[in-house]
Amino acid sequence: MATTFPTDVLFPFTTGSTPCGNADYIFGIYEEKNQELLINQTLASRNCEYLLRSEPEQLTLYSISSESLESINIWKMGSDDTIWTLHQGDFDNEDNHNQQWLTLSDAGCVRW
């Protein structure tokens, strides 16, 4: 049986028999695999307690509790930004640019 979390945000999020409900990615996204968080797509932590969601002009980190879905951080994005241009990570030269990855830990830490 799926549980729907009450929320003040404009999207449904459920958990059920599949890991982390309707998340598009679990734990990590890799640029070299041409993965991207498109508008309304989500990345969930492995323990399903945190959710990173791409929304129009922002990337939002949510904490999921048994009673609510709470926004805990927002990164503003320009119309031409992607998760890969939002933060350049530790790569200073173009040769390494395609090796970026984005993870969401079980503690809610977003890491580029």
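1. Helices here are DSSP runs of H or I with at least four residues, strands are E runs of at least two, and both are numbered from the N terminus. By that count, Q100 sits in the loop between α1 (83-86) and β9. Q100 is buried at 2% relative accessible area (buried is under 20%, exposed over 50%, partly exposed in between, with a 1.4 Å probe and protein chains only).

2. A quick caveat: this is a predicted model, where local features need pLDDT of at least 70, side-chain atom pairs count only at pLDDT 80 or more, and totals for chains, interfaces and linings use all residues. Residues are numbered from 1 along each chain as its sequence is written, and side-chain values use heavy atoms, leaving out hydrogens and water.

3. On to the sheet: it is open and antiparallel, with 3 strands in the order β4-β9-β10 (strands pair if DSSP finds at least two bridges between them). The edges are β4 (28-30) and β10 (110-111), each pairing on one side only. β4 is joined to β9 (residues 101-104) by 3 bridges, and I29 stands opposite L102.

4. There are 2 aromatic pairs (Phe, Tyr or Trp rings, using the six-membered ring of Trp, with centres within 6.5 Å; stacked under 30 degrees, edge-to-face over 60, the rest tilted). Y30 and W101 are stacked, 6.5 Å centre to centre with 15 degrees between the planes. This pair links β4 to β9 across 71 residues. Y30 is partly exposed at 28%, and W101 is partly exposed at 33%.

5. The W75 and W112 pair is edge-to-face, at 5.9 Å and 80 degrees. W75 is partly exposed at 22%, whereas W112 is buried at 15%.
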